Amino acid sequence: MVVGPSYDHGFRGSLSGAEFHEALPRARLRELMARSAVALLPIRWDEPFGLVAAEAQMAGCPVAAYRRGAMPEVVEEGVSGYLATPDAVEELAEAARKALSLDRRAVRMSALRRLGIAPMLDAYESALRSVAG
């Protein structure tokens, strides 16, 4: 299932058999992520954060993505997902297969620990204290 606006119509054509949905309300999107086997993120740019990966993990859905941009920071490899060499399709497919065996509760706990608002604020405050002297 692919959710969201289509930015690259050529890419959409390469996903024959996929179910497409336009943008969905947050509650419905979270429900879909919680029921999904794996969030597959074949990103083709240096994503500066990766909100979809973070949201999927918060819902307990493991991630398989290319090791690009912020993905190594957002995905705790072997705990909340697996990363593949950029553009290596077979490696991404293997990452997705491996992600299927991850414990969904551990995926969510990893996300809460690393990506939740409280840990993020603590990290910001710590960084600001260190530069403030």
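**Exercise 1. How are α2 and α3 oriented to each other?**

Before we start: this is a predicted model, where local features need pLDDT of at least 70, side-chain atom pairs count only at pLDDT 80 or more, and totals for chains, interfaces and linings use all residues. Residues are numbered from 1 along each chain as its sequence is written, and side-chain values use heavy atoms, with hydrogens and water left out.

*Solution.* 

Step 1. Find the two helices: α2 covers residues 26-35 and α3 covers residues 51-58. Helices (H or I, at least four residues) and strands (E, at least two) are DSSP runs, numbered from the N terminus.

Step 2. Take the angle, which is about 70°, with the axes 8 Å apart. Axes here are lines fitted to C-alpha atoms, for helices over the stretch in contact, and angles run from 0 to 180 degrees between N-to-C directions.

Step 3. Pick the class. Angles under 35 degrees count as roughly parallel, over 145 as roughly antiparallel, 65 to 115 as roughly perpendicular and the rest as oblique. So α2 and α3 are roughly perpendicular to each other.

Step 4. See who touches whom, with contact meaning heavy atoms within 4.5 Å. From α2 come Arg 26, Leu 29, Arg 30 and Met 33, and from α3 come Val 52, Glu 55, Ala 56 and Met 58.

Step 5. Sort these residues by class: 5 are nonpolar, none polar and 3 charged. (Ala, Val, Leu, Ile, Met, Phe, Trp, Tyr, Cys and Pro count as nonpolar, Asp, Glu, Lys and Arg as charged, and the others, Gly among them, as polar.)

**Exercise 2. Work out how the buried residues of α2 are arranged around its axis.**

*Solution.* 

Step 1. List them: Leu 29, Leu 32 and Met 33 are buried in α2. Buried means under 20% relative accessible area, exposed over 50%, and partly exposed in between (1.4 Å probe, protein chains only).

Step 2. Look down the axis of α2: the buried residues fall within an arc of 100°, so they line one face of the helix. The arc is that of the directions from the helix axis to the C-beta atoms.

Step 3. Recall a bit of helix geometry: an α-helix has 3.6 residues a turn, so residues three or four places apart point the same way.

Step 4. Check both sides. The buried residues of α2 pack against β1 (2-3), α3 and α6, while the face turned away from the buried side carries the exposed residues Ala 27 and Arg 35.

**Exercise 3. Describe how α3 meets α6, and follow Gln 57 through that contact.**

*Solution.* 

Step 1. Start with the axes: α3 and α6 (residues 104-115) come within 7 Å and cross at roughly 125°. That makes α3 oblique to α6.

Step 2. Name the partners. Ala 54, Gln 57 and Met 58 of α3 meet Val 107, Arg 108, Ala 111, Leu 112, Arg 114 and Leu 115 of α6. By class, that's 6 nonpolar, 1 polar and 2 charged residues.

Step 3. Zoom in on Gln 57, which is buried, with a relative accessible area of 0%. Leaving aside neighbours within four places in sequence, Gln 57 has contacts including Val 63, Val 74, Ser 80 and Val 107.

**Exercise 4. Find the buried residues of α5 and what they pack against.**

*Solution.* 

Step 1. In α5 (residues 89-99), the buried ones are Leu 92, Ala 95, Ala 96 and Ala 99. Seen down the axis of α5, they fall within an arc of 100°, so they line one face of the helix.

Step 2. These residues pack against β3 (39-41), β4 (63-66) and β5 (81-84).

Step 3. Take Ala 95, buried at 3% relative accessibility. Beyond its neighbours within four places in sequence, Ala 95 is in contact with Ala 64 and Tyr 82.

**Exercise 5. Is Pro 62 buried or exposed?**

*Solution.* 

Step 1. Pro 62 sits in the loop between α3 and β4.

Step 2. With 1% relative accessibility, Pro 62 counts as buried.
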